[in-house]
Amino acid sequence: MATFKAKLKAAQQAYLQHKYADALEECNSALQDNEESPDGLMLKGKILFELENFKVSGEAYSAALRAQPNLLPAWKGLAELHTKTKSHAEALVAFESLVRIGTSESKEKKQEYQQKLACLHQQLGNNPGAAKHLQQLLRGPLAFTEPAQRLHVECQLADLHMSSMSGDEGIQTLLDSITSQTCPSGVHAAYHAKHLELLVRRMETKPARSTERNAQTRTCLDSAWRMMRCRPGGCCTPAPFLTALLLAEDQSLAHPEGSCANAGMALVGRRLCHQFPWLPQSAAALARAVSHHLIAKGPRPGKTKDRTLVIQLLRPAMDAGADSLPGWQLLSELQLQNEQPEPAAESAARGLKCLAQRRGKGYLGPPEVAAGIVLARGYSLLALERLDEAQAMFNALTDSSTTSPVSQLLDSVPESVQQEALRGQALILKQQGDIAAAEQLLADMAQREQEPDCMSQHLAQTDYGTLLLEQGNPQVLSCFSDAAGVVGIRDACHCCWVKLLLCSLFESY
């Protein structure tokens, strides 16, 4: 008659030959002779696992551990079983026991256990616990030495921080390491984008115009340029393009090579449109480029249809979240020129809101852009006959002593914008019936010595001439002649030539 050891050996041989039914029969026969044999119970658990009878397999492993609590193969079997059945809590207990009793295991096996524990903690929603085990794979006796393995663990840790763990301190060092080893493409694009986001967030905590902020701003730009200069098509995230465009709007970036900087930003806008055409910021950049080439630098006077084309490109982009101060300025000005004062007033108001939010984070913004938005708001309110509100806008541009919320958004106002605001104040006086005051203000502006191509003086002369024409004053012909000669014949000058002809007819009559 076969002994217990002989039956157990036969069961083991059948198991190795993948004859699991025979192996189970021999194992059960052996256990009848010794029901509490740890080796027999452990073998039964392994056989039942292969037969996918997971419940009874787990009972056999547990019985083996009751007989011998530190039986390493039984804990391994339980760990494999619970991993297979996705019983994460039970698997966690099994792997923790393997770490506790497997002191004689190889370093590679211990590293595997730490990785399994980190994965289980994450699946159970315990991200700090997962991070604790991953940290042991970067520092200490179980730390990986291969760069590829360390990079993989660093990415896992970064994922934990980016998903739910609070605080930027722990992730900053990780992202510094990850971004120094990888390109902003594929699976690593998100790490580069987060790294740049943290740099910008750190910059925004510094006081405006401070040395620390300027240094941090340069760091952000350097990081963005490195990402964009990655091999062609290598940057798979729009983060560096959006960051560069945002920082380019900050006044602190102004430098003597302004034309070079503008050309660089135009290139960034083209790259953004080419690689990420679905983004609203891409549509906004395209609209600004179209406006520059078709209207601002076009070979002929700008037409309503040209402005309409730009508005149709720009308005949906701004509504979709492309918050850009130059974008709001351009949109409100074009709407105003197309005689759409109500949309222009709304666009300028949204631009002022964007300006206030930017300044809250320390962004100063170009003074001509901020003042241009306020000016467009003032003229659109004037066209809507909301005179008190328009007067408040113009006062913010002309009177530095005012303390209104709008004036606090303006660091400085260019001279040309101030003249436009004075002209707006004169138009308000005219609508209010104070003709003498309006005439005096326009006359002072028209006679002031300014640049030869100053549009504000040209418009002031036009308005002054219109006022004289309405009063039947014979000086009107001279005034319109001066106005027509200030600038070349473009959109704003057409009214001068028409009124010049009318004046000639008026005098001859």
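Let me start with a term: a residue counts as buried when its relative accessible area is under 20%. Keep that cut-off in mind. What you see above is a predicted model.

Now take S324. Its relative accessibility is 9%, so S324 counts as buried. Where does it sit? S324 is in the loop that joins α16, residues 304–319, to α17, residues 325–337. So we have a loop residue that is buried. What does S324 touch, once neighbours within four places in sequence are set aside? The partners are E249, R288, M318 and R358.

Step back to the whole chain. How many helices and strands are there? The count is 25 helices and zero strands. The chain has 509 residues, and 46% of them count as buried. Next, contacts. Take those with a separation of 6 or more: 56% of them join residues 24 or more positions apart. The accessible surface is about 25,800 Å². Carbon and sulfur atoms hold 53% of that surface.

On to helix packing. Two packed helices are described by the angle between their axes and by the distance between the axes. I have two pairs to show.

Pair one is α1, residues 4–16, with α2, residues 20–33. Their axes come within 8 Å and cross at roughly 160°. An angle over 145 degrees counts as roughly antiparallel, so α1 is roughly antiparallel to α2. The crossing is left-handed. Which residues meet? From α1 we have F4, K7, L8, A10, A11, A14 and Y15. From α2 come Y20, D22, A23, E26, C27, S29, A30 and D33. By class, this contact has ten nonpolar residues, one polar and four charged.

Pair two is α5, residues 72–84, with α6, residues 88–101. The axes of α5 and α6 come within 8 Å, and the crossing angle is roughly 150°. α5 and α6 are therefore roughly antiparallel to each other. Their crossing is left-handed. On the α5 side, the contact residues are L72, W75, K76, L78, A79, H82 and T83. On the α6 side, look for E90, A91, A94, F95, S97, L98 and I101. The class count for this contact is nine nonpolar, three polar and two charged residues.

Now the backbone. Most residues other than glycine have a negative phi. Here are two with a positive one.

E52 is not a glycine, yet its phi is about 60°. E52 lies in the loop between α3, residues 38–50, and α4, residues 54–67. Buried or exposed? With 57% relative accessibility, E52 counts as exposed.

The other is E385. Its phi is near 65°, again positive in a residue other than glycine. E385 belongs to the loop between α19, residues 367–383, and α20, residues 387–398. E385 has a relative accessible area of 61%, so it is exposed.

One more residue, K55. It is part of helix α4. At 65% relative accessibility, K55 counts as exposed. How far is K55 from G45? They are ten residues apart in sequence, and their C-alpha atoms are 9.6 Å apart in space.

Methods
Residues are numbered from 1 along each chain as its sequence is written. This is a predicted model: local features need pLDDT of at least 70, side-chain atom pairs count only at pLDDT 80 or more; totals for chains, interfaces and linings use all residues. Side-chain values use heavy atoms; hydrogens and water are left out. Helices (H or I, at least four residues) and strands (E, at least two) are DSSP runs, numbered from the N terminus. Buried means under 20% relative accessible area, exposed over 50%, partly exposed in between (1.4 Å probe, protein chains only). Contact means heavy atoms within 4.5 Å. Accessible areas come from the Shrake-Rupley method with a 1.4 Å probe; for residues, only the protein chains shown count as cover. Axes are lines fitted to C-alpha atoms, for helices over the stretch in contact, and angles run from 0 to 180 degrees between N-to-C directions. Angles under 35 degrees count as roughly parallel, over 145 as roughly antiparallel, 65 to 115 as roughly perpendicular and the rest as oblique. A crossing is left-handed if the near helix is turned anticlockwise from the far one by less than a right angle, and right-handed if clockwise. Ala, Val, Leu, Ile, Met, Phe, Trp, Tyr, Cys and Pro count as nonpolar, Asp, Glu, Lys and Arg as charged, and the others, Gly among them, as polar.
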